[in-house]
Amino acid sequence: MHSNHLLLEEPIRMASILEPSKSSFFPAMTKIVGTLGPRSRSVEIISGCLNAGMSVARFDFSWGDSAYHQETLDNLRVAIKSTKKLCAVMLDTVGAEMQVVNKTEKAISLQQDDNVILTPDKGQEASSQVLPINFDGLAKAMKKGDTIFVGQYLFTGSETTSVWLEVDKVDGDDVHCTIKNSATLAGALFTLHASQIHIDLPTLTETDKANISTWGVANKIDFLSLSYTRHAQDVREAREYLSKVGDLSQTQIFAKIENVEGLTHFDEILQEADGIILSRGNLGIDLPPEKVFLFQKAALYKCNMAGKPAVLTRVVDSMTDNLRPTRAEATDVANAVLDGSDAILLGAETLRGLYPVETISIVGKICAEAEKVFNQDLYFKKTVKYVGEPMTHMESIASSAVRAAIKVKASVIICFTSSGRAARLIAKYRPTMPVLSVVIPRLKTNQLRWSFSGAFEARQSLIVRGLFPMLADPRHPAETTSSTNESVLKVALDHGKASGVVKSHDRVVVCQKVADTSVVKIIELED
Ligand SMILES: Nc1ncnc2c1ncn2[C@@H]1O[C@H](COP(=O)(O)OP(=O)(O)O)[C@@H](O)[C@H]1O
Ligand SMILES: C=C(OP(=O)(O)O)C(=O)O
Ligand SMILES: [K+]
Ligand SMILES: [Mg+2]
């Protein structure tokens, strides 16, 4: 797949664009996070999603209760077993999300130029005249002329179920608005977005804490997607909560940047978080449209240089109802890869869309094409320069492994790792070939019982571009003697051969520790 590496910066023979791509053992190096919901919760559909390339399943607690999500997760577990595809689990919080309280779930018609009142009085029934909301402080935050957006949960922006409101006046706790476009609010949940204001709701709400301490702990979630992260302190608090709530000290926190407040504090949030979700759904409304791309490019660059995974949302909204993306969407997915995304997160497309499996498959195909023309050479130089000298030993080993693998046209890099850190560092240099991260379990104790580490670390690499985890047999102790190293390497190579990623006579770069010394070695396979 990497031998015919093209560069956009060099003249491409136009006819070569038409040449079909060779199929690979995995759909793409870029990962796909799928939100599971009504349209994607049967074992059959989830299996389809896994086979199409979904490697992280997102459970969004803005919607549905924990029993509902548990049923979906149980189905996911069955699908993982039968497809033999690994998949990590992400719990997405509600956070500081404003919602319309519509207990009867009756459809509500709103007419352009009519008036509607937003009230925190949840006792009132939702109607064309009044929309009760879950937030007391809206009136304090709004003034005449401000805009408010009300949309169906995971609104796509192209549907007739979303409205723009303009604030006329604030009256006590109520906000009086003029409706700017006619729409019918139909569906289970409507969220509200008020442009560029501070919403005085906690980032981790009581509901979120309850969901994490029950569902999250019971299911040992790999990732917490922290909605509406606005400050580094939000991440610190979430981390503290995870460590005291049960066995979740290993859960990684992905900060969702969804508004201008989070954007303003991006650098400090990135330092605290394990990864970033660029939530273009909400952020795309909070920012002027002409600025969205700039945030995307700047944020992805920062994540890349920090070596932390970046996930981009809302790429193929129109596929919620259609089998093909628009041209703009198809191009957007490719640009996300060229800009440095690790993963693409699908929301409405998989949750309530008509074509969850097809969407994953098409997004994967676009990513794979973009990866082929990603200017690795330029990226590598930028990264090395950014890191500066003297490099840490590990950084130097990781970058050298990638460079060697490219120079000898290795088909794969095999990286031994226990914490996952070494593999992530290699991924940071964006090798053009897959990295098999061989996670060596470590025996650990919490003073009550013994267990092996490794499962979290293996699943958490499922969100990093280019990393493909493999959990080594715990009977191989994590001692770095040459005989244990050799036997694990043999298993890894057999695994690589069985899955088709390595063939006879291929070159393979191996990154491991022998005794106390980190080594990068190049091996040439025989038959
Ligand atoms: N159990 C192991 N056996 C052999 N080599 C290992 C093992 N764990 C890590 N390494 C290698 O040791 C070096 C240091 O990795 P380090 O980042 O300290 O480990 P980890 O990835 O577990 O955090 C890397 O070259 C890595 O590939
Ligand atoms: C993914 C997003 O958020 P959510 O789906 O949680 O509303 C987004 O805003 O892009
Ligand atoms: K959410
Ligand atoms: Mg959002």
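Asp 113 is found in the loop between β5 (108-110) and β6; strands here are DSSP runs of E with at least two residues, helices are runs of H or I with at least four, and both are numbered from the N terminus. The phi of Asp 113 is near 75°, a positive value in a residue other than glycine. Pro 390 is found in the loop between α13 (376-387) and α14 (393-407). Most residues other than glycine have a negative phi, and most peptide bonds are trans.

The model is predicted: local features need pLDDT of at least 70, side-chain atom pairs count only at pLDDT 80 or more, and totals for chains, interfaces and linings use all residues. Residues are numbered from 1 along each chain as its sequence is written, chains are lettered from A and ligands numbered from 1 in the order in which they are written, and side-chain values use heavy atoms, with hydrogens and water left out.

**Sheet**

An open sheet with mixed pairing has seven strands in the order β4-β12-β8-β9-β10-β6-β7; two strands pair if DSSP finds at least two bridges between them. β4 (98-100) and β7 (130-132) stand at the edges with a single partner strand each, so one side of each is left without a neighbour in the sheet. Within the sheet, β6 (residues 115-119) and β10 (residues 174-179) pair in the antiparallel sense over four bridges. Asn 115 stands opposite Thr 178 in β10.

**Ligand 1**

Ligand 1 is surrounded by 17 residues, the closest being Phe 416, Thr 417, Ser 418, Ser 419 and Lys 513; a residue is near if one of its heavy atoms lies within 4 Å. At least two residues of this shell come from each of β18 (412-417), α15 (421-428) and β23 (507-514). The table gives distances for polar contacts, which are pairs of N or O atoms within 3.5 Å.

| Protein atom (N or O) | Distance to an oxygen atom of ligand 1 |
|---|---|
| Thr 417, side chain | 2.4 Å |
| Ser 419, side chain | 2.3 Å |
| Ala 422, backbone | 3.1 Å |

Taken alone, ligand 1 exposes 530 Å², and the protein buries 93% of that; areas come from the Shrake-Rupley method with a 1.4 Å probe.

**Metal ions**

Donors are N, O and S atoms within 2.8 Å of the metal (3.2 Å for Na, K and Ca), and sites may look incomplete because water is not among the atoms. The magnesium ion (ligand 4) and the potassium ion (ligand 3) are separated by 6.0 Å.

Definitions and conventions
A polar contact is a pair of N or O atoms within 3.5 Å; within protein, one must be able to donate a hydrogen and the other to accept it, and residues adjacent in sequence count only if both atoms are side-chain atoms.
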